[in-house]
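Work through the exercises below with the sequence and the model in view, and compare each step with the solution that follows.

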2 protein chains.
Amino acid sequence: MIIDCHGHYTTAPKGLQIWRDGQLAALKDPAAVPSRGALHISDDEIRESLEQAQLKLQRERGTDVTIFSPRASAMAHHIGDATTSLHWTEHCNDLIQRVCALYPQRFVGVCQLPQTPSNPLANCIAELERCIGDLGFIGCNLNPDPSGGYWSAPPLTDRYWYPFYEKMVELDVPAMVHVSASCNPNFHATGAHYINADTTAFMQFLTADLFKDFPTLRLIIPHGGGAVPYHWGRYRGLAQDMKRPPLDELIRGHVFFDTCVYHMAGIELLLKIIPVDNILFGSEMVGAVRGIDPETGQYFDDTKRYIEASALDAADKQKIFEGNARKVFPRITRLLP
Amino acid sequence: MIIDCHGHYTTAPKGLQIWRDGQLAALKDPAAVPSRGALHISDDEIRESLEQAQLKLQRERGTDVTIFSPRASAMAHHIGDATTSLHWTEHCNDLIQRVCALYPQRFVGVCQLPQTPSNPLANCIAELERCIGDLGFIGCNLNPDPSGGYWSAPPLTDRYWYPFYEKMVELDVPAMVHVSASCNPNFHATGAHYINADTTAFMQFLTADLFKDFPTLRLIIPHGGGAVPYHWGRYRGLAQDMKRPPLDELIRGHVFFDTCVYHMAGIELLLKIIPVDNILFGSEMVGAVRGIDPETGQYFDDTKRYIEASALDAADKQKIFEGNARKVFPRITRLLP
């Protein structure tokens, strides 16, 4: 079985954006009362949105199941207040649940969280419980910068986040560290903000004792770990200079990188440098890069091809394609034995 | 000749920090009048600060000359006001000039700029003119985030920066895009903020027509280009989706990456992916990572070894070690024919 650990519902039916547009319009209207309202999306619209996109590509590429979450760039935790974030998040997560119910062999849910800058995480804990307990999801996406590019939240190793980690540990679910859109004109979302957040999170983990405090906490750094594998010597050297544990030891069982690296040389570096137990297959399909690479004639984001073409042996490929995902997301095995 | 394009005076005599401490103390004293004052550092102290550090390592490693600038992490443009920044910058640059005068075969100067968040760049233009014209420097370090980790300045492609670029073009000098310390607790300076800034700058260049407006502008992205070579497929794909020029074409003659990547696999990726004409030898010695790699028994930052051990032919190595630096920093040839 091939499990893609990183897919977002980037092709959701237009009813989702219509709802969101209404919410955003109400934010500008002093007389409006925030309302959860209802999404107007049929099951047929959901099927249609997936059949010619994610499902088509799954079949063409020969991947089996995608760990699927709401569109990351649309989470936009910086917009509005906690109620804005909660209503939007609930709809997005409910829609993922409908996708998973329609295609239980093809999609497993991961939730967005109703984060809001400077707010405590109580409502995120509640939504995590709802999504794991009621909707059957297996993990969450945690935004280290709910401000959208101004980085006003404390580092992920700060005690601000600890109540949320306690709930993750209790439920035995991992989080993917994933930012959303950037409202800072310095940062292109998918070309800079995403990658910077990955690099930033890793360095935060390197410099603190988060995993001593949470010995079973598991965090996935997407997009191949940002800049980290390329600069592995820098990080090994910084860790050594700072008397921190060796990196392989520090990340073992805790920090995982996906394979969303869209060329063979990058994937080769990732596979060479990062212990195989810390790598999860991911493509972020349909995502940031939608075109075909003229150098290969294949989709840039068809990352399965790169791993298949690599020098890894079959056992290691199996870990990356399936085994590691089952360890990091143990709840998946209840859904897909 | 081997030219190291990236070295900072990280070992400056204690008189520099004493002056800075006095300046910072005065900032907290409402009665104090900002004063340039004087550094108390002898030529012998300068010699001593270099002989057992940069000069020793140059000799041991067999590099000839370092393009040398004030300590990047100490620029701290976010502290104080424009006068604070100007006085500090003038002293730091004057000290670099003294280094270069004492060791004209070993060091060539690059200046820090008196940037201040939200300020126009007129004083930076004046300081660039002073450093190039009066001190004999050959380039500058430009901080894309003078706020120190809050990214409040406009992107490098914004017209805010254009008057400065006009002066760079007139003087025929390049800038290295280099942030300073981070006062944002999310960003470790050398492990996250530096690398993020590199990635951010590249993506800014990818999405704008800066080099159409300045056909001879040259910018160096340090630390091996941040995450860019590792994610070259992502950047090629994003450029293609956005109908931007192919990356090789976009960067040709304009964007250069140094070799401050502290392990062989990272350097191999850099050399494989980035056109050789866009790579400059750099080590950032003595810099972010000071230890010896237990896997090799050599200094992490002895990047000359990696390039020598690579599969590049002699002509390409010569470009990286010398030829490209002479093109990017044409004023170096007046000093070192």
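A nonpolar core is a set of buried Ala, Val, Leu, Ile, Met, Phe, Trp, Tyr and Cys residues joined through side-chain atoms within 4.5 Å, where buried means under 20% relative accessible area, exposed over 50% and partly exposed in between (1.4 Å probe, protein chains only). The model is predicted, so that local features need pLDDT of at least 70 and side-chain atom pairs count only at pLDDT 80 or more, while totals for chains, interfaces and linings use all residues. Residues are numbered from 1 along each chain as its sequence is written, chains are lettered from A in the order in which they are written, and side-chain values use heavy atoms, with hydrogens and water left out.

**Exercise 1.** Find which residues touch the most other members of the largest nonpolar core.

Solution. The core holds 174 residues, and Phe202(A) and Phe202(B) touch the most other members. Next, list the contacts (heavy atoms within 4.5 Å): leaving aside neighbours within four places in sequence, Phe202(A) meets, among others, Ile221(A), Trp232(A), Leu247(A) and Phe257(A).

**Exercise 2.** Trace the pairing of strand β2 of chain B.

Solution. Strands are DSSP runs of E, at least two residues long, and helices runs of H or I, at least four, numbered from the N terminus; two strands pair if DSSP finds at least two bridges between them. On this basis β2(B) runs parallel to β1(B), joined by 5 bridges, with Ile3(B) opposite Val65(B). Strand β3(B) is likewise parallel to β2(B), through 3 bridges, and Thr66(B) stands opposite Phe107(B). Finally, 6 of the 6 residues of β2(B) (65-70) are buried.
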